[in-house]
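Okay, thanks for coming, everyone.

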Amino acid sequence: MEAFQQAIAERVAEQHRHHGKSQFFWVWAALLSMTAIEVYLTYQNMQPVRMLTILMGLSLVKAALIIGYFMHMKYEISRMKWLTMCSLVACLALMMIFFPDALRIVSLGVK
Amino acid sequence: MAEATLLHDTTAVYEPSLFGTYSKKIGMWLFLLSDSLTFGALLYAYSYGRISTPNWPTPFHSESIVNATIMTAFLLTSSLTMVLAVRAAVQGNATAQRLWLLATMACGMGFVILHGREWSKLIAEGLTLPVFPKLPGQAAGGEFANVAQTVPQFAATFFGLTGMHMLHVTLGVIYLGVIALRRNFIPILLAFWLAAWLGTPSYSPFHYGAHVLLVAAIVCSIVLWLKPKVYDSSDVEVAGLYWHFVDLVWMFIFPLVYLMSAKIL
C-alpha cells in the first residue's frame, strides 16, 4: 500500500512542478492589495451593514485565492473540489440558523 | 516482458484513489474541514454577540489596526514562503525547502509576538477575563475596564477567538519546525519555552500559556523518537495545507473582529 501512496504522491508532485513561480507572487500581491483596501474602507465612515458586506466579500475572494492557489485546490480533481467545498459551505450555512435569535434579542429583549 | 512490467504497476494492483490524491493529504483536508467548523462556531458566536448587543464596543485605536495589519502582512507573506517551500520540496531542493520553511516560521513567530503584544496592551488597559491573573495595581482600571464589566461577551469572544487562532499559529510553527529540522528542533523548542516562561511576568497569561511549548516538545520528542523518518515533499505539502488554513481563518478574523470594531474619531 505504501508503494501505491508513493506513486500517487509522485504524480501530485509532478503536477506541482508545472506551476509557475510568478503566479504565487501575483496571488500574494493581490491578497496584500485587498487587505490594504479593507483597511482604507474602515476609515471611510460607511454604514456598518454596507461595510460588513464589502469586507466579507473581499474576505471570500481572499479565501478563494488562498484555497485555489496556495492550497492547490484549483489543481485537484473535480470530485475532491466539490465534495470538500460543498460540505464546508453547507455546514457553515447551517450555523446561520442562530442569527434570527440574535435579532430577536435586539427587538424583544432577552426572554 | 510488457505483461511482466504490468504486474509491477501499483495502480493495477490497488483500487485508484477516490479523490485522485494520496491518503495523507485527504486526511489533512478532513481535519481542516472539521477545524473550520470550530472556527466557524467561534466566529458565529462573536457575530451573534455583536448583533444582539446594541452597545458593542469599538475599542481598537489606529495603533491596534496598524498592528493587526502588519500581523496580516506577516501571515500572507508566510503563505507565500510556504508555497515556495512546497515548490522547492517537489523539485528536490532540500536547502531551499529548509530555508523557505524557516522563513515561514519566522513570519509566524512575528505574528505571534505582535499578537501577544496586542493582548498585553489590551489586558493592561482593563480588557480582561476572570480567568486571567490580576495585574498588580489594576483595581482602578484602564480605558476598557468598563467594557469588561458592561459587555463581558466582547472580552470572552475576542480572547476565545483570537486565542484559538494564536494557538493554531503556534502549533503550526512547531509543526513546520519538526518538518524542517526534525530532532534538532526539540532543543530549540525547549529554549523558546524557557524564554517565554521566564521572560514574561507571572501575572501575564503568556507566563502559563508558554507551557504549551513544553507539552509540544514532549509530544514531538515521543513522535520523533518512536517513528524517526526523513520528511518528503508530500509531508511538506500536507504541512503547507495546515499553514495556509491558519492564514485563511485570519482573513475572516481580521475584518470581523478588528476592522469592524475600529475606533474612528
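So, how much of chain A is buried? Chain A has 111 residues, and 20% of them count as buried. Keep in mind that this is a predicted model.

As for what chain A is built from, there are five helices and zero strands. Reading from the N terminus, the order is simply α-α-α-α-α.

Now, where chain A meets chain B. The contact takes 47 residues from chain A and 46 residues from chain B. On the chain B side, the elements that give two or more residues are helix 2 (10-13), helix 3 (23-52), helix 4 (62-90) and helix 11 (233-258). Which of those gives the largest share? That's helix 4 of chain B, with twelve residues. And if you sort the chain B side by residue type, you get 28 nonpolar, 16 polar and two charged.

Next, the nonpolar core. The largest one has 84 residues. Inside that core, the residues with the most contacts are B:Ala85, B:Leu176, B:Ile179 and B:Val249. Helix 11 of chain B supplies the largest share of the core, 16 residues.

What does B:Ala85 contact, once you leave aside its neighbours within four places in sequence? You'll find B:Gln97, B:Trp100, B:Leu101 and B:Thr104, and also B:Val236 and B:Gly240.

That's it from me.

Technical notes
Residues numbered from 1 in each chain as written. Chains lettered and ligands numbered in written order. Predicted model: local features only at pLDDT ≥ 70, side-chain atom pairs only at ≥ 80, totals over all residues. Contact = placed C-beta atoms within 7 Å. Helix = DSSP H or I, 4+ residues; strand = E, 2+ residues; numbered from the N terminus. Nonpolar A, V, L, I, M, F, W, Y, C, P; charged D, E, K, R; others polar. Buried ≥ 20, exposed ≤ 12 C-beta atoms within 10 Å, placed from the backbone. Core = buried A, V, L, I, M, F, W, Y, C linked by C-beta atoms within 7 Å.
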